[in-house]
Amino acid sequence: MNTTRKTACVLLCALLLSLFSGCARQEETAEDFVLSAAVCGPLETLDPAMQTDAGAESLLAALFEGLLRMRDDGTGRAVAVAGIAKEYIEEKNYDDTVTYTFTLRSAARWSDGTRVKAADFVYAWQRLADPATDSPNAELLNMVVGYDEVRESGDVTALGVKAKGESTFIVTLREPCAYFLSSV
């Protein structure tokens with residue numbers, strides 16, 4: 001009987017150890033991340049500046065976060081809320097232009113762990129407007145001051161975007177644009 005108890009106790013301990021060892025938290029790696037998305041067909045590219053495939057918006061929204069994102073306000077209407085930018089200020093200027101100052105979240109990171117900086121947005125917006133990029137989506141920035149000059153001359157520094165330090169991104173629009181905040 002004593003041998004039976006010892007054997008039962010050893011088996012019970014082994015069973016408990018095997019159960020608890022499965023409960024240990026495993027470190028996630030890049031290979032552990034899986035994104036499932038319904039896309040209508042093969043995509044030409046995942047570059048947002050070059051993407052024109054129908055239905056790719058949902059995949060790009062899952063892969064990239066903008067300055068703001070759209071959320072349901074509880075009544076079924078979509079409203080712009082913090083994304084990479086934790087806040088923004090809208091300033092109407094004397095010359096009828098509108099300046100938006102976005103303050104980026106300090107915790108915002110690229111997939112490799114490096115911090116997202118305001119200069120990254122300046123680069124991306126200038127690249128989108130640059131005629132040398134030949135982006136089919138360049139027209140999305142037509143409301144930004146200097147857009148027409150960039151398209152004519154190729155001088156991307158004419159675009160009304162700038163970084164002030166690492167976490168402040170400033171955009172100046174030619175005039176108020178009702179859909180700007182929901183598009184950024």
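Colleague: How many residues does the largest nonpolar core have, and which have the most contacts inside it?
Modeller: Keep in mind that this is a predicted model, where local features need pLDDT of at least 70 and side-chain atom pairs count only at pLDDT 80 or more, while totals for chains, interfaces and linings use all residues. A nonpolar core here is a set of buried Ala, Val, Leu, Ile, Met, Phe, Trp, Tyr and Cys residues joined through side-chain atoms within 4.5 Å; buried means under 20% relative accessible area, exposed over 50%, and partly exposed in between (1.4 Å probe, protein chains only). The largest core has 33 residues, and those with the most contacts inside it are F102, W125, F169 and F180.

Colleague: Which element gives the largest share of this core?
Modeller: The elements that give two or more residues to it are β4 (98–104), α3 (118–129), α4 (147–153), β6 (168–173) and α5 (180–183). Helices (H or I, at least four residues) and strands (E, at least two) are DSSP runs numbered from the N terminus. The largest share is six residues, and it comes from α3.

Colleague: What does F169 touch, not counting residues up to four places away in sequence?
Modeller: Residues are numbered from 1 along each chain as its sequence is written, and side-chain values use heavy atoms, with hydrogens and water left out. Contact means heavy atoms within 4.5 Å. By that cut-off, F169 touches L67, Y100, T101, F102, A118, F121, V122, W125, V161 and K162.

Colleague: Where does T133 lie, and why does it count as buried?
Modeller: T133 lies in the loop between α3 and α4. Leaving aside neighbours within four places in sequence, T133 is in contact with M50 and R127. T133 counts as buried because its relative accessible area is 18%.

Colleague: Which backbone oxygen does the T133 side chain reach?
Modeller: That is a polar contact: a pair of N or O atoms within 3.5 Å, where within protein one must be able to donate a hydrogen and the other to accept it, and residues adjacent in sequence count only if both atoms are side-chain atoms. The distance is 2.7 Å, and the backbone oxygen belongs to R127.

Colleague: Is F64 buried or partly exposed, and at what relative accessible area?
Modeller: F64 sits in the loop between α2 (57–63) and β1 (68–72). F64 is partly exposed, because its relative accessible area is 38%.

Colleague: How many helices and strands does the protein have?
Modeller: Along the sequence, the pattern reads α-α-β-β-β-β-α-α-β-β-α. The count is five helices and six strands.
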